[in-house]
Amino acid sequence: MKTIIFEPGRTICKGGNSENLLPTVEVPSVCFLKNFEKEGNENKLSELNNLQETNKNIRNLKSNILSKDELKRIVLVGNEAIKSLESTNGNLIYPLHRNLVMSDWLLCELIWEQVLLELGVKTKIEKFKNKKLSSESGSESENQVLMVILPSTGGILIKEKVNEWLKENYDFNQVTFIPAYLLTLYSYGKETGIVVDIGSFWTNITPVIEGVSDDNYSLSIPIGGRSLEEYMKILLSRRGLKFSGKKDTKFIEETKDDLLVRNILSENCFVSTDEKNTREIISYTTSYLELIRVNSKLNNSKSIFLEEERFQVTENVFFKPYKIGIESPSICEAILKVINKCPLDTRTLLMENIFLTGRSSLFIGLPQRIQVNLTQLFLDSKLRGDTNRLNKYKFYVNDDPMRDVSTFKGANIYLQLI
């Protein structure tokens, strides 16, 4: 029986099945209001004129006269929303808020439905309309099984909302909810280890001992992809780029310039394994110098040079958050705190099995730098500088180039076990 795998992420929702190790569908968790002038819908245009200008009060759509079906007609989701942003002015809306209680769950459902639609899953209404079709298609739909991958933070609330949405709209034979950190370990064939999930807003460090996790040992720090983007804007503004200020709204919004910053981070930035050595190379050579061409509304056909910024953004956010005003331990300090919380007889095994996951963990050099810093922190804090005793301990951070989809690989292994 083919099992459908679904991961409702904050920035990207992924979908696949048990026949593929990797997700076959990826839908960005964003919404965008359609341009009613092009569609000639004068009635809707008069009611939603102010809404279209700002594209910020989508919540009013569900609280006023519009039903969910009407909402589908006027709101674009996923890749279509991003394409519309490129051709028109406005902001992308992320329904899943940093504080999940403030999320717009109706818009989330539109995104989730898009994922299952691209996977070929039919709703209850569609099945009812197609009752006259062959009995073979009906038997296949009745035997569908769904596995939902829960995120490290807010898993209980997301599980509740997804479960309500599934019961209302779909007819799965079985629905299973599995935490992402457990599947990450399964993807590497492990039952004990530390999973470091670097997400959009939070970095969640979860120790798993023989397949069991205790919330008392876990730790979350307010460092993530959004921290990198905000700090990168500051560094780029020093190079002459302009960015529009954001008003204080209930929604997380993105403009074209935000997408530009995200592309620069993913394509041009890295983590230095030795900051001092990297700065010396920069002072004598141009090895790290890159020319970036920018074309947006505020930055029309500008060209800037990036050099120190390419590693400074990851250096200060991940390893020196105090320099940018974030009251939080660094990632390495947080990992060491988690290890020290765990039972004494498991610490050595946890040191040797540290796994990164999340799209914000894909920077080149990040696993090696974390491993070096952890070794130095442990030597200074626990061994008091005694290098002879260091031979008994070893930190190892797994460097998997596809660690952002490790949960899907783990889901397939889990399905084989059961």
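Accessible areas here come from the Shrake-Rupley method with a 1.4 Å probe; for residues, only the protein chains shown count as cover. On that basis, the chain exposes about 21,000 Å². Carbon and sulfur atoms supply 47% of that area.

Some ground rules. This is a predicted model, where local features need pLDDT of at least 70, side-chain atom pairs count only at pLDDT 80 or more, and totals for chains, interfaces and linings use all residues. Residues are numbered from 1 along each chain as its sequence is written, and side-chain values use heavy atoms, with hydrogens and water left out.

Now the overall picture. The chain has 418 residues, and 52% of them are buried. Buried means under 20% relative accessible area, exposed means over 50%, and partly exposed is in between (1.4 Å probe, protein chains only). The secondary structure comes to 19 helices and 17 strands. Those are DSSP runs, numbered from the N terminus: helices are H or I, at least four residues, and strands are E, at least two. Next, contacts, meaning heavy atoms within 4.5 Å. Take those between residues at least 6 apart in sequence: 70% join residues at least 24 apart.

On to helix pairs. Axes are lines fitted to C-alpha atoms, for helices over the stretch in contact, and angles run from 0 to 180 degrees between N-to-C directions. Under 35 degrees counts as roughly parallel, over 145 as roughly antiparallel, 65 to 115 as roughly perpendicular, and the rest as oblique.

Start with α11, residues 180-187, and α19, residues 406-417. Their axes are 7 Å apart, at an angle of about 75 degrees. The two are therefore roughly perpendicular. From α11 come Ala180, Leu183, Thr184, Tyr186 and Ser187. They meet Ser406, Thr407, Lys409, Gly410, Ala411, Ile413 and Tyr414 of α19. By class, that is six nonpolar, five polar and one charged. For the classes, Ala, Val, Leu, Ile, Met, Phe, Trp, Tyr, Cys and Pro count as nonpolar, Asp, Glu, Lys and Arg as charged, and the others, Gly among them, as polar.

Next, α12, residues 225-238, with α13, residues 256-268. Here the angle is about 100 degrees and the axes are 10 Å apart. That makes α12 roughly perpendicular to α13. On the α12 side we have Arg226, Leu228, Glu229, Met232, Lys233 and Leu236. On the α13 side, Asp258, Val261, Arg262, Ile264 and Leu265. This contact has six nonpolar, no polar and five charged residues.

Glu315, Phe318 and Phe319 of α15 touch Leu366, Arg369, Ile370 and Asn373 of α18. Four are nonpolar, one polar and two charged.

Now the loops. Leucine 21 sits between β2 (12-17) and β3 (25-28). Is leucine 21 buried or exposed? Exposed, because its relative accessibility is 52%. Leaving aside neighbours within four places in sequence, leucine 21 is in contact with Phe408, Lys409 and Asn412. Leucine 21 and glycine 410 are 389 residues apart in sequence, yet 8.5 Å apart in space, C-alpha to C-alpha.

Last, backbone angles. Most residues other than glycine have a negative phi. Glutamate 210 has a positive phi of about 55 degrees. Its loop runs between β10 (203-209) and β11 (212-213), and glutamate 210 is exposed at 63%. Arginine 384 also has a positive phi, near 55 degrees. It lies between α18 and β17 (397-398), exposed at 77%.
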